[in-house]
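Thanks, everyone, for making the time this morning.

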Amino acid sequence: MSKFEHLWREQCEAAETVKTRYGEQAAFDYLVGEKLLNFVSAAKDRPEFAAQLPAFVAGVRQLFSGDAMASYLETLEVRLVEKTHDVDDADMEILGADTSDLECLRQIADLLRTPSLGTA
């Protein structure tokens, strides 16, 4: 098992603990809104992350139902959109990061919603 596979597997296990203690929404926020979002961002420049992305997405899909994911994705997107609007001119660098997160979240949403993931 590569260290990148080990990384996302540990994060999925941690999400299960969060789910038990704090509920499904908190687990989704942790795993998708934080960990998977960072993983997708890293995958843009690092092939070792990109290689593990389909497996990580499959791991997320095993933890949450399709209906729950759709609802949670919508909530996350609304929060990120709000963050992009809650900045002033001094925060333009932060705005760029939030916009990038929003783009990554939309990619994640497409991956989580697709009926089946192919791996080549």
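Let me start with Gln11, which counts as buried because its relative accessible area is 11%, and the cut-off for that word is under 20%. Please bear in mind from the outset that this is a predicted model, so that every value I quote is computed from predicted coordinates. Gln11 has its place in helix α1, and, once its neighbours within four places in sequence are set aside, the residues in contact with Gln11 are Tyr30, Leu31, Lys35 and Phe56.

Tyr30, Leu31 and Lys35 belong to the α2 side of the contact between α1 and α2, where Gln11 is one of the α1 residues taking part. On the α1 side we also find, among others, Phe4, Leu7, Trp8, Cys12 and Ala15, while the α2 side includes Glu24, Ala26, Ala27 and Phe39. How do the two helices run relative to each other? Their axes come within 7 Å and cross at roughly 160°, and α1 is therefore roughly antiparallel to α2. The crossing in which α1 passes α2 is right-handed.

Ala26, which lies in helix α2, gives us another view of this pair.

Now to the next pair, α2 and α3. Helix α2 covers residues 24–43, and its axis and that of α3 come within 10 Å and cross at roughly 170°, so these two are also roughly antiparallel to each other. Here the crossing is left-handed. Leu31, Lys35 and Phe39 are among the α2 residues that meet α3, and on the α3 side the list includes Phe49, Gln52, Leu53 and Phe56.

Gln52 deserves a moment of its own. Gln52 is found in helix α3, which spans residues 47–63, and its relative accessibility of 15% means that it counts as buried. What does the side chain of Gln52 pair with? A polar contact of 2.8 Å joins it to the side chain of Trp8. Leaving out residues up to four places away in sequence, Gln52 touches Ser2, Phe4, Glu5, Trp8 and Phe39.

Stepping back to the whole chain, we have 5 helices and 0 strands, which read along the sequence as α-α-α-α-α. Of the 120 residues, 34% are buried. Among contacts between residues at least 6 apart in sequence, 71% join residues at least 24 apart.

Finally, a word on confidence. The chain has a mean pLDDT of 85, and 83% of its residues reach 70 or more. Confidence is highest in helix α1, residues 3–22, at a mean of 95, and lowest in helix α5, residues 92–113, at 72. Where pLDDT is low, predicted coordinates should not be read in detail. I am happy to take questions.

Terms used
Residues are numbered from 1 along each chain as its sequence is written. This is a predicted model: local features need pLDDT of at least 70, side-chain atom pairs count only at pLDDT 80 or more; totals for chains, interfaces and linings use all residues. Side-chain values use heavy atoms; hydrogens and water are left out. Helices (H or I, at least four residues) and strands (E, at least two) are DSSP runs, numbered from the N terminus. Buried means under 20% relative accessible area, exposed over 50%, partly exposed in between (1.4 Å probe, protein chains only). A polar contact is a pair of N or O atoms within 3.5 Å; within protein, one must be able to donate a hydrogen and the other to accept it, and residues adjacent in sequence count only if both atoms are side-chain atoms. Contact means heavy atoms within 4.5 Å. pLDDT is the predictor's confidence in each residue, from 0 to 100. Axes are lines fitted to C-alpha atoms, for helices over the stretch in contact, and angles run from 0 to 180 degrees between N-to-C directions. Angles under 35 degrees count as roughly parallel, over 145 as roughly antiparallel, 65 to 115 as roughly perpendicular and the rest as oblique. A crossing is left-handed if the near helix is turned anticlockwise from the far one by less than a right angle, and right-handed if clockwise.
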